[in-house]
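Trainee: I have a structure open and want to learn how to read it. Can we take it feature by feature?

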Amino acid sequence: MLPQFLQFLYSGMTVGSSYALAALGFTIIYNTSGVINFAQGEFIMLGGMLAAIMAGAGVPMPLAIVGAVVATAVVGLVMEKSVIEPARNAQVVSLIIITIGASLTIRGLVQIWLGKGTHSLAPFSGDTPIVLLGASLLPQSLWVLGVTLAIVGALAWFFGRTLLGKAMLATSHNKLAAQLVGIDTRRVLLLSFGLSALLGAVGGILVAPITYTSYDAGIMLGLKGFVAAVLGGLGGGVGAVAGGLILGIAEAMTAGYISSSYKDAVPFVLILLILFFMPRGLFGAKLSERV
Amino acid sequence: MKCLQSRHRGLLILALVLAVLPLVLPNAFYVDVAIRIALNAIVVIALNLLIGYTGQISLGHAGFYGLGAYASAALTTHFDWPPLAALAAGALATGLLAWVLARPVLKLKGHTLAMATLGLGIIISIVINNEGRWTGGPDGMSVPAFALAGITIAGETSWYIVAAVLLLLMTWLALNLIDSPVGRALQAIHGSEIAARVAGVDTTRFKVRVFVLSAVVASIAGSISAHYIGFITPGMAGFFHSIELVTMVVVGGMASVFGSIIGAALLTILPQLLQAFEGWEVVVFGVILMGTMIFMPKGLVPSIAQRLRSRRK
Amino acid sequence: MLTIEHLSKSFGGVHAVQDVSFTAREGAIHSVIGPNGAGKTTLFNLVSGIYAPTSGRIMLNGEDVAGLAPDALARRGLSRTFQNLQVCMNMTAIDNVMVGAHLRLNQNLFASMLRLPAVRRMDVQCRAEAARLMEFVGVGAYKDADAGQMPYGALKRLEIARALAASPKILLLDEPAAGLNHTETGEIEELIRKIAQSGVTVLLVEHDMKLVMNLSEHILVLDYGKTLAVGTGAEVRANPDVIAAYLGAPA
């Protein structure tokens, strides 16, 4: 009984961490611009795919990882500069459609350039499962969890202690006020996309050894990452991580105890429930609008 | 364009085009594309009522389309229902589902509304994919021909007439709706929801109504398409199809009935043209979506209309 | 006609409106004035159903309507305009006005789609009435225009036309002269007087003191959400508290 439960828990936490990283990416962009970046999933896919391709071509792992992360971050920057910035004053609907368009474009280009096959990345420290409390845990899972926590910590330091991070936070709270105190909000927006792309890529690389990656890996990951972000209230790091973990574990439990073919429906049922009953998510702030 | 003349003019042109088209098209393949355009256009017009006129968003409308298609397919295949009854049942069930979910969903705005409709569409497509016993699962299922009172609709010509008539009907109904108190209420909800409420519009009720209407129309179009194409797959209810429908609305023109028809035409033909270039279809769709929203946010028909109007001045 | 009794509204720790009471007499023009942040628009939002009060009653023709939604209030004959224009820019000018008449028109989806003769007839009538209202408020020149093409001053009057299309018994005007120049303000003054003469009770929030003093029979002065003074123009002008808090120089 317990080992089985723990097994589901471990796999849930692992995949939940990747959702958490995706959720963080969504949250950062949403907070600086109000845009929901439907292309976030593609950033995750790019990280995994590019690293896998490079490693497969003989590039040493550390270099492949760095290369993939940097390349994806660049894609994020390019995306912001070319399609988000020109439309930054458009309505929410338009921006959503633009990011959907970007996601399609990125995915299509990857499909053309790298084909439809699946690729894998070698696990960072081998694939001998560790037995913990009667259930087995892949070493890669520890990497996923560990790096996620490290990133969350780094982001907390970045947003809390550095000038740039605080500038980004200021922009998210009140764009006009931030501009008035001299913050270049366009640069902040650009950086937020780059940062989110970077986080997405890291997440993709971390899970690629476990789940394999392909050109369409981004769709579901992106959508689920968004669900996790909304679950957490689209507010801050804590919410995103909590949302991701809760979602991952819920999915794993559903797959294990109820039905594995419906596990993909879990995030969407959850999002409907959350949006109906708790639209501000678990950690979202109360909002009052002035008419 | 609000005056009577203009509306009748548009309908007349449409009727003429539809009448002349089969005579001009070289072979059955093109007629098939025309039929698909017409059936898509019906859904897009209804979706535009929701998105363009009322200012809401739905990223899950293919789900309703799929429900209609699979209701027709399953009821006629597994239970020997007459096609019309299956269509009606599908429309009713879809309408009911939309009605139940509309109120909580439409309380949301912007990206949360987008997400909720997205989730809904995906849940429907997952269910269709999984319940293989009724739906044939990922491999899809075949659909018997549409027969009414002993007469079976078969062959391109008969189907073209059916599709053309339905498109004309939908266009007429939509144009009527827009130029009426209900239509103005919907547009007011888009323009300023608070002003609409103050004027006495029960905004929630109207949003629900147009949501249910567009869902039912999508379901009926799905049913008819199922009988026409003869074979359906879960992809019909999938996320990408929902995006295709939204693209047709957006590219053709928000808040434009004829724009919806143009949008449906352009984006039904496009995949046919790109069939040889796998992967490019997705890229082109993506580029079109981005380009339209950046350079022509109102869509093709309204932007052109605006440019013509300003040139006249 | 309209009586506000001990109305209060708090947003968390912010007491926007505190224990305000006021009576509006039928067919007269009343004003609510006060410095920025005094709670005037909040008061309006309370009366027009956009906010629900924390406590207190709003009696409209003897019925407590506190907390009712704006569309329910519209059905009871209350109409309003907005401080920051809420005109539907996606519609034509005349359609905007016709929306105001919504409650008197057929709201059936199917009747509209089928364009039944009854709907058609009422629409023609409604359009003529809307055109007449546009003339009445002074924007008749824009009868065939899109809302997006109209200048700011005209849009403010268009909103009033929309509010009037509902044949309200009481009309709330939120800063109708905001952003208008001297001439335009004079025209608005005339318009408001015409409206009151036709029997509509008018409640006004305004900063333009000349307008307020010229029009109002009865003035409520707010400061920090509380009632500072209530009375006629002359009484309010002479009130030392009001002078101290607000008026300063003569209008």
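Mentor: We will go through strands, turns, domains, a chain contact and a database annotation.

Trainee: What should I know before starting?

Mentor: This is a predicted model: local features need pLDDT of at least 70, side-chain atom pairs count only at pLDDT 80 or more, and totals for chains, interfaces and linings use all residues. Residues are numbered from 1 along each chain as its sequence is written, while chains are lettered from A and ligands numbered from 1 in the order in which they are written.

Trainee: How do I read strand pairing, and which strands form the open sheet in chain C?

Mentor: Helices (H or I, at least four residues) and strands (E, at least two) are DSSP runs, numbered from the N terminus. Two strands pair if DSSP finds at least two bridges between them. In a regular strand the side chains alternate between the two faces of the sheet. Here, 4 strands of chain C form an open sheet in the order β2-β1-β4-β5, with antiparallel pairing. Its edge strands are β2 and β5 of chain C, and each pairs on one side only.

Trainee: How many bridges hold β1 and β2 of chain C?

Mentor: Strand β1 (residues 2-11) and strand β2 (residues 14-24) of chain C pair over 7 bridges, antiparallel. Look for Thr3(C), opposite Thr23(C) in β2(C). Then find Lys9(C), whose bridge partner in β2(C) is Val17(C). The hairpin of these two strands has 2 residues between them, and Gly12(C) there takes a positive phi near 65°.

Trainee: Which strands of chain C does helix α1 lie across?

Mentor: Start with the angle. Axes are lines fitted to C-alpha atoms, for helices over the stretch in contact, and angles run from 0 to 180 degrees between N-to-C directions. Helix α1 (residues 40-47) of chain C lies across β1, β2 and β4 of chain C, and runs at about 65° to β2(C).

Trainee: What does β9(C) pair with?

Mentor: Strand β3 (residues 29-33) of chain C joins β9(C) through 4 bridges, and these two run parallel. Ser31(C) stands opposite Ile219(C) in β9(C). β9(C) also pairs with β10(C), antiparallel, over 5 bridges. There, Val221(C) has Ala229(C) of β10(C) as its bridge partner.

Trainee: Where do I find positive phi in residues other than glycine?

Mentor: Tyr224(C) has a phi near 55° and sits in the loop between β9 (218-223) and β10 (226-231) of chain C. Those two strands form a hairpin with 2 residues between them. Asn61(C) has a phi near 50° and lies in the loop between β4 (55-60) and β5 (63-64) of chain C.

Trainee: Why is Asn61(C) classed as partly exposed?

Mentor: Count neighbours. A residue is buried if 20 or more other C-beta atoms lie within 10 Å of its own, exposed if 12 or fewer, and partly exposed in between; C-beta atoms are placed from the backbone. Asn61(C) is partly exposed because 14 other C-beta atoms lie within 10 Å. Tyr224(C) is also partly exposed, with 15.

Trainee: How is chain C divided into domains?

Mentor: Domain bounds come from an automatic or database domain assignment. Chain C has domain 1 (1-77 + 168-251) and domain 2 (87-167). Their C-alpha centres lie 26 Å apart. Two residues are in contact if their C-beta atoms, placed from the backbone, lie within 7 Å. The contact takes 11 residues from domain 1 of chain C and 12 residues from domain 2 of chain C. On the domain 1 side, α2 (70-75) and α7 (182-197) of chain C each supply at least two residues. α7(C) gives the most to that side, with 4 residues.
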